[in-house]
Amino acid sequence: MQPRLPRQAVPLGDPQNFQPSAAQPLRCRPRRLDSESQLEPHHHPWGQLAYCASGLLRVTVSATNSPAHDPISPETTTIVPPSRALWIPPGAEHAVTIVEAAQLLTLYIDASVVPPNWTRSRVLVVSPLLRELILAMEQPHMNQPVARAQALHTLLIAEMDHAATQPLGVPMPSAGHGDRRLRALCKAVVQNPAQHTTLAAWASHSGASERTLARLFREELGTSFKRWRQQVVLAQALPLLARGTPVSQVAAASGYASDSAFSAMFKAAMGQSPSHLSTPAPSLHENLSANALAKG
């Protein structure tokens, strides 16, 4: 296997060129980014929807800089494949790593049109309609009728609001406020999710009972160990599958005894079999403007 190139920091560019406003509440920033490119942690007063027509993103979202949000909400790292998009609320600090070369469409959304319940990051399932609306935003809007632009913006916000969500992010206990036993267990699972597959097995190595750990998962991370571990498995499996690793090897690395059991879990979570991950829909490429991407 060839060594992977070191990550290259990508300039954020001038946000004024894409900054939304009350008059133009949605702006689209298209970019083509190479594998292992990285956008350093940053934040801004508008929200954003990160969607890649192809490739894979890894996005880490920290607590927001707004007092209206929970200051001790856990840091969450999410792998975003082409069939999903990540909502990042206004003020939230976030960093982006391009796991596999991506055609990235970022929607910047003015805080004035962000629904009041969109206070936390979340993964949206991208329906065919939502996908086409995002792609439509990539087209230049300078000469189109105001009424059409307003209708597009209204429909896009409505479709985002009604989109199904999916817990693909991997929350981690707070380094300053979290239980040290839970944090140590979570770090160990992330490093090797196949080592122990049940909470009882992990409890024997953590210095806490299974019941205590189950309670800590609910209280600090708002989920069960089984659901959390599945998110860890998906976060590990998605990049491996995108790089062409055989499903059998990914299943074994994830602690699954059979390919079929892993494939069933993956399809239930992602809506497609693992073998189809690296085959994007043709219309995603056909609808992208190469000129606009080059300008990004």
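This is a predicted model: local features need pLDDT of at least 70, side-chain atom pairs count only at pLDDT 80 or more; totals for chains, interfaces and linings use all residues.
**Notebook: aromatic pairs**

Residues are numbered from 1 along each chain as its sequence is written, and side-chain values use heavy atoms, with hydrogens and water left out.

I then searched the whole structure for aromatic pairs and got 6 (rings of Phe, Tyr and Trp, the last by its six-membered ring, pair if their centres lie within 6.5 Å; planes under 30 degrees apart are stacked, over 60 edge-to-face, the rest tilted). One of them is W87 with W118, edge-to-face, at 5.0 Å centre to centre and 70° between the planes. This pair links distant parts of the chain, since W87 lies in strand β6 (residues 84-88) and W118 in the loop between β7 (92-109) and β8 (122-125), 31 residues apart (strands are DSSP runs of E, at least two residues, numbered from the N terminus).

I next checked Y256 and F262, whose ring centres are 5.6 Å apart with planes at 75°, so this pair is edge-to-face as well. Y256 is partly exposed at 22% relative accessibility, whereas F262 is buried at 0%.

I also recorded that ring pairs link F217, F225 and W228 into a cluster.

For the chain as a whole, I noted that 47% of the 296 residues count as buried.

Definitions and conventions. Buried means under 20% relative accessible area, exposed over 50%, partly exposed in between (1.4 Å probe, protein chains only). Helices (H or I, at least four residues) and strands (E, at least two) are DSSP runs, numbered from the N terminus.
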